[in-house]
Amino acid sequence: NKNFEIKIPFYICLLTGIFTWLIIIITVSYTYHYSPHKNYYFYFTRSLINWDAIWYIKIAIEGYSVDRMVVFFPLLPLLIKIFHFIIKDYVWSGLLISNVSRIIAAIFFYNLIKTEYNKEIASKSLILWSISPANIFFVNIYTESLFFMLCCLFFYFLKDKNFLLAAIVAGFISSTKNIGFFISIIFIFEYIRICVVNKKFNIFRIMFLSFISFSGLTFIAYF
């Protein structure tokens, strides 16, 4: 697509990401002086692994060893496990996934808004999202960046009427968060609507794409 832009959203996301990380580093460095820990690297990484991040790292290392882990969906731990084979560090694998996902999400988010409105609104929307306080979760080991990136990809492919890719991405979304289930429902309704409008109603294709879009939820059946 000739109108697809990468540079503007990339630089906006990169600069705001650097700013967010500077705040994190300054905050952790300040609190380090008041902590009993002597190893700064250990203190820094331990400061990043809180709440859900602990469980995602634990699942990546051990798998679903206890029943309560089932509330944490498998895509992020699986990606952390895969990246660990290259990076050899679970924490930095998770951080890399989240920050790369954030950049990709920014690029597709910008282009989606630009297509619907214009460059100015797209830039303002991206800046407002990039500087929001919630970005501390987007650069850390949580599903927010991965989920948002997949949602942007989903709506981009859906708008482009690339239904197979949209269904595949919907499947990944439903394996990232429990609310990904609603993305699969959106896909089915939109695909059926398009079929009705175009008078090309193929029940087998609908069932096939619907199964793909819900495929991420199949891991629940395992339990």
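Predicted model: local features only at pLDDT ≥ 70, side-chain atom pairs only at ≥ 80, totals over all residues.
## A helical chain in close-up

Figure 1. Residues are numbered from 1 along each chain as its sequence is written, and side-chain values use heavy atoms, with hydrogens and water left out. The secondary structure amounts to 12 helices and zero strands (both are DSSP runs numbered from the N terminus: helices are H or I with at least four residues, strands are E with at least two). Along the principal axes, the C-alpha atoms fill a box of roughly 70 × 50 × 25 Å.

**Figure 2. Helix H1 (residues 7–32) meets helix H5 (residues 90–116).** Their axes come within 8 Å and cross at roughly 140 degrees (axes are lines fitted to C-alpha atoms, for helices over the stretch in contact, and angles run from 0 to 180 degrees between N-to-C directions). That angle makes H1 oblique to H5 (under 35 degrees counts as roughly parallel, over 145 as roughly antiparallel, 65 to 115 as roughly perpendicular, and the rest as oblique). On the H1 side, look for Ile 8, Pro 9, Phe 10, Cys 13, Thr 16, Gly 17 and Trp 21, which meet Leu 95, Asn 99, Arg 102, Ile 103, Ala 106, Ile 107 and Tyr 110 in H5 (contact means heavy atoms within 4.5 Å). These contact residues divide into 10 nonpolar, three polar and one charged (Ala, Val, Leu, Ile, Met, Phe, Trp, Tyr, Cys and Pro count as nonpolar, Asp, Glu, Lys and Arg as charged, and the others, Gly among them, as polar).

**Figure 3. H2 also packs with H5, at an angle of about 50 degrees.** The two axes are 11 Å apart, and the helices are therefore oblique to each other. The crossing of H2 and H5 is left-handed. Tyr 41, Phe 44, Thr 45 and Leu 48 of H2 make the contact with Val 91, Trp 92 and Leu 95 of H5. Six of the contact residues are nonpolar, one is polar and none is charged.

**Figure 4. Helix H8 (residues 144–159) comes alongside helix H10 (residues 180–198), with axes within 12 Å.** The axes cross at roughly 0 degrees, which makes H8 roughly parallel to H10. Here Phe 147, Cys 151, Phe 154, Phe 155 and Leu 158 in H8 meet Gly 180, Ile 183, Ile 186, Phe 187 and Glu 190 in H10. The contact comprises eight nonpolar residues, one polar and one charged.

**Figure 5. The largest pocket has a volume of about 240 Å³.** Thirteen residues line this pocket, and the closest to its centre are Ile 24, Ser 47, Asn 50, Ile 136 and Asn 140 (on a 1 Å grid over the protein atoms alone, using a 1.4 Å probe, a pocket is an open set of points with protein on both sides within 12 Å along at least five of seven lines, and lining residues have an atom within 4 Å of a point). The volume is the space filled by probe spheres set on the points, which are joined across faces, edges and corners. H1, helix H2 (40–48) and helix H7 (135–138) each give two or more residues to the lining, and H1 supplies the largest share, five residues. Eight lining residues are nonpolar, five are polar and none is charged.

Definitions and conventions
Left-handed = near helix turned anticlockwise from the far one by under 90°.
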